[in-house]
Amino acid sequence: MERMPSIFIAIASYGMAQDHYLERLLEEYRKLRMRNRVVVMSNQNKPVQGAEVLVGLPSRDPYSLPFAHRKVFAENAEKYDFFVYTEDDTFLTEKHIESFLELQAKLDGNEILGFIRSETSPEGKRYITSVHHHFRWIPETVVSRDGDLFAQLSNQHSGCFIVTREQLRKAIASGGFLVEPRSRIYGMLETAATDIYTQCGLRRLICISRIQEFIVPHLANKYYSRMGLPDEELEIQARFLMELY
């Protein structure tokens, strides 16, 4: 009988203002069929159902909280098959995780399957907020892997990521993962979620042939009115990339 994979989930949740979003995530993860451990990283102790709470900031800067997952992942690197980091308002679901497990197996060892974020207006219109301003698809990166097409988006941030045990080992060994909280191309919050792609010898790819499976809702819905593109335009871009390939 094939062993069910195990997964470690770390959620960054500062204060209590977004605890209503956090509860939606925890409710989703309580349904996971695979063996899992969920840890909420916060600056304060607070009641959560179905998860542990790890209190403490990596540095004096309150924006450093998302970096807390690095040490915890390293301490548990040999205990789980997959590792998830997510912000408390980024709704990475069981279905997203299942799609990742299926398609990540098609990629090379240095390629990580990534996600893009969306927001929904009060009228119910969905916008892809990961594609805005100067961020764009990079056409020359389109590759085929076992019947599916993948490409890079210049915006590496999606508020979450999933990584395999082997890739986590590689990231730790690179020296680019266990680093002090800081800002670089992105702000500190975004840097915490993108270092795994940008400085650990790994490359993030988005599945453009099944792109709808890798769109993650940003529950805060606070950017759609000034950035992002309508969902149907994303589909047009994905089709163009596939035709170009």
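Q: Which side chain meets that of glutamate 98 in a salt bridge?
A: In this predicted model, 20 salt bridges are counted. In one of them, at 2.2 Å from N to O, the partner of glutamate 98 is arginine 33.

Q: How many residues apart in sequence are the parts that the pair of glutamate 98 and arginine 33 ties together?
A: Glutamate 98 belongs to helix α3, whereas arginine 33 sits in the loop between α1 (19-29) and β2. The pair therefore links parts whose separation in sequence is 65 residues.

Q: Which strands are the edge strands of the open sheet of five strands?
A: The strand order is β3-β2-β1-β4-β10, and the pairing is mixed. An edge strand here pairs on one side only, and this applies to β3 (52-55) and β10 (160-164).

Q: What angle does the direction of helix α3 make with that of β10?
A: Helix α3 (residues 94-104) packs on the sheet and touches β1, β4 (82-87) and β10. Relative to the direction of β10, that of α3 makes an angle of about 40 degrees.

Q: Which residues lining the largest pocket are the closest to its centre?
A: The largest pocket has a volume of about 680 Å³ and is lined by 29 residues. Both β4 and α5 (188-198) supply at least two residues of this lining. The closest to the centre are Glu87, Leu189, Glu190, Lys222 and Tyr223.

Q: How many residues in the lining of the largest pocket are charged?
A: The lining divides by class into 14 nonpolar and nine polar residues, along with a charged group. The charged residues number six.

Q: Which element gives the largest share of the lining of the second largest pocket?
A: This pocket holds about 290 Å³ of space, and the closest of its 15 lining residues to the centre are Pro58, Phe67, Ala68, Lys71 and Val72. The elements giving two or more residues to the lining are β3 and α2 (68-75). With five residues, the largest share comes from α2.

Q: How many nonpolar residues does the lining of the second largest pocket have?
A: By class, one residue of this lining is polar and four are charged. The nonpolar residues number 10.

Conventions:
Residues numbered from 1 in each chain as written. Predicted model: local features only at pLDDT ≥ 70, side-chain atom pairs only at ≥ 80, totals over all residues. Heavy atoms only, no water. Pairing = 2+ DSSP bridges. Helix = DSSP H or I, 4+ residues; strand = E, 2+ residues; numbered from the N terminus. Contact = heavy atoms within 4.5 Å. Axes fitted to C-alpha atoms, helices over the stretch in contact; angles between N-to-C directions. 1 Å grid on protein atoms, 1.4 Å probe; cavity = no way out; pocket = protein on both sides within 12 Å on 5 of 7 lines; lining within 4 Å. Points joined across faces, edges and corners; volume = space filled by probe spheres on them. Nonpolar A, V, L, I, M, F, W, Y, C, P; charged D, E, K, R; others polar. Salt bridge = Lys/Arg side-chain N within 4 Å of Asp/Glu carboxyl O.
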